Amino acid sequence: MTTAQPVIGRERETAALRHAVGHVTDGGAAFVVDGEAGIGKSSLVADLVEYADGRGLRVLTTTGTLAESSEPYAALHLLLYPLRAGIPDLPQPQRRALDVAFGVTSGVQPSPLLAGLAALTLLSDAAAARPLLVVVEDLHWMDVPSRWALRMIARRVGEDPMVIVMTTRDSDAAEDPGVRRLHLASLDAPAADLLLDGVPGAPRGQARRDLVLRAEGNPLALRELGRSASEEHARDRPVVGRVEQEFAGRFAGLEQSVRLAVLAVALSGSTGAEETARVAARAFGRFPPPTWTEQASASSLLVWEAPRAIRFRHPLVQSAVLAVASPTERTAVLRSLVTEHEDDPTRTVWWRAELTTGHDDALAEEIAALGAGRTAMSDPLVASRAYERAAELTSDVVRRVERRITAAELAGLSGRIADAALLVQRARDEAPDRLLAARATWLAEILPTGRTGLAVGDLGPALRAVSEMQAAGGVEDATTALLHLAAIAWDHTAEPDPGDPMLVVVEALALPDDDPRAILLAARTEPVVRGDHVMERALAAAPTAEDEESAWLLGYALNLVGEVETARVLLDRALASMRARGELRTFPQALMGTSMTTYLAGDVAKARSLAEQAESLGRDLGDAGFSAAARCALAWFDALEGVMPDAEQIAGGTQAGAQVLRSGAMRATLRGAAGLVDLLAGRATEALERLRGLSDPAHDGYHPWFGVATSHDFVDAALESGRRGDVEQRLADLEQLHARWHAPIVRTAVDYTRLALVPDDELESAWVTLQHERWAMPYVQARALLRLGRRLRRARRTTLARAVLHAALDLFAAMPAPTWEERTRDALRAAGERLPAAGARDVELLTPQELRVCTLASRGMSNRAIGEHLFVSPRTVGAHLYAAFQKLGISTRQQLPGVLPTEDDGDAVDRAARP
């Protein structure tokens, strides 16, 4: 870290950062400081480090470098190395994740999600002992796993005494919730003039004014161009280019052996002068002079760092050296580096790849193995580049195209969409057979280029590619592709039932009926026609579905066909396994599927928590579309409390988010949520019209599953609008549907509608039956009890009405659903029961996350274990407990069981504590 100097022209940014450090004990903060090269990011950070040191904070730093940008967890290791003594105290999965990531033990590299959670816990523990300033410089050059983990950590430090400051040149990155962005713009003329006053030899008068114009307010340009005060810099180049040109000129002016030594530093990232001199000697034929480091330092290219390390004075020096070095010089130094490190093939693999022309199958295998390793650890950026280079080195056309397809898929996952599209086009052009051509076509269709059928909600092109794979003999490829399409179809198509166009393709695969993949595809394509078949097969296979994949496939299949109880058990099992592994590909979808099943099972608090985790993970992954889908699910839960969904806010201001909201499932979700809010607000007629569209095939909001799932709202809206005939027709439609599809979700809709139509003289017998039943959807059963209790009160059966309403209240309280609890209390008051006129039970004052934390704590889980479970730091868990204790009027964890819902209150604690 450079010595802090006065940061001229950055008073606002300096004040914001110092304020965060000065108030760190009140809560954490995270910043990303962005701006072009040389704009003063490092100077701003150096000033903050000096300030933090004076305030007693512990400072941890890490820096991204070109040399280590392909080394997994290099930057995270550098940051956490001073805290390594705390790693053995981490929970076992987190401890192993860091041990493997940092090379302490062997194993499959952990995902950034799991490594990030481990790092968060380690930092949180350290901050508890002494507040931290965490400095992360040059995020844009950091290895992908470290960058992913550190950004995830930054979003989760609000409750820890920790300030995180990250610097990057990337000014176009999406905003991160919880991370404040400080953009460093160019200095204005007075600030530029003030800065030049401190530069030795800086020009005066008109020459200075010309220099200020040429430097365009860039502090590094002002210093470097001011030092040379030359008029010969190209004025038509961007300012950063002018600074690079200045450094390039200084590099070119060095004696050749010194120049090769500096080039060796640029290519290898070496910090050792002796090693660098050997490399230069091998490339040039003789050693550079003993004073070579002094010459490079005098040219302001290199600087010494105690005790014997060298580094570039600024990252622009390295880019300038690499840009201006001749191909002959570069080749000579690379060959020398390969010889210098011949015992470390992993380090030399990229150098050897650059030196190789034509095909080299052995080297291709080596690089492909590197790509496989980086894929396993969720680093698609480096993995895609590895497979791309491996393809270029491969002589066999089939393997070359296969690797190119893999490279394209991974490039898409890493956000390199344009590169992915180019790679997949090359694969299609070169494909030697139908199967490879079909695989490339499939991949081209699912890339988010905005120019595909999926981008406009048309599954046709993707399905044709799957059919072609199957026809070409690639049944496994076709099955994998179709499973992927089944998982994403719900938020990528405007079709009310995305399975309809998939049916023919699924049938052509001819998978065995008891294959979990076949069961899921049947559930996606024909949830009504084959719903009973899916439930029979899935329920039969469920007892032996111990592995993650089977549990996920079967649980999701049961979710799609409206089964609740077993679906939740299987999805919880799959989710726990994915969470422990830090799995990233399927885990977000699993969170969403489990959230809906958990809601149907009556645990609204946990369902919301899962959706919140999904939304947070979508932000971590940079998937704006998935984040919008998760916010749509949260809008469904908000509607239970009378909050109208805001489509613009849900879309998040992104094109991907807006496109997701045009999908059939998302439109249905928002329509159903808005209908419920209208119903709660007393706008029964408006609610009825919104909800009618969900079951009307002629309406653009038609969605059969949501039509069934919202039948209770439709029934209430119709009856309150005086449209009993609509309810009778709905019952007939549901009974006809139930004759073909015996799903619990349909059965529940039928039971609710029948109960709503029971004559007044049969209300008592209806209660006798209902009080001994346990519906698959407790929320709907509670709604049925509320309606029945109100009718009994109007029929002057007050005592019985109170009993029914108390049963409803118990169910609503166990979820919890506070708005519906209060409506039930209103009904009890109307029935003559004396209840407090205002105020809620203490437990109802808790936020969903506070309730979740308290429930887990009441079962004996430590803050660290709860944090691992909920993807937050132990300090955040402690903050939630503190806030909850204040609301509950307690002071210890041991008092929690006495104030939380008990098993008699609907088994709420057991439900909340499930993983």
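The accessible surface of the protein chain amounts to about 36600 Å², and carbon and sulfur atoms contribute 51% of that area (Shrake-Rupley method, 1.4 Å probe). The model is predicted, with local features requiring pLDDT of at least 70 and side-chain atom pairs counted only at pLDDT 80 or more, whereas totals for chains, interfaces and linings use all residues. Residues are numbered from 1 along each chain as its sequence is written, and side-chain values use heavy atoms, without hydrogens and water.

The protein chain contains 48 helices and seven strands, taken as DSSP runs (H or I, at least four residues, for helices; E, at least two, for strands) and numbered from the N terminus. Its radius of gyration is 32 Å, close to the 29 Å given by the globule rule for 915 residues, so the chain is as compact as a globular protein of that length (C-alpha atoms; 2.2 Å times the number of residues to the power 0.38). Along the principal axes, the C-alpha trace spans about 105 × 65 × 55 Å. Of the 915 residues, 56% count as buried (under 20% relative accessible area, 1.4 Å probe, protein chains only). Among contacts with a separation of 6 or more, 67% join residues 24 or more positions apart (heavy atoms within 4.5 Å).

Mean pLDDT, the predictor's confidence in each residue from 0 to 100, is 86 for the protein chain, and 92% of the residues reach 70 or more. Confidence is highest in helix 37 (residues 711–720), at a mean of 96, and lowest in helix 48 (residues 908–913), at 35. Over residues 903–915, pLDDT stays under 50, and the model has 40 contacts beyond four places in sequence for this segment.

Key: Buried means under 20% relative accessible area, exposed over 50%, partly exposed in between (1.4 Å probe, protein chains only).
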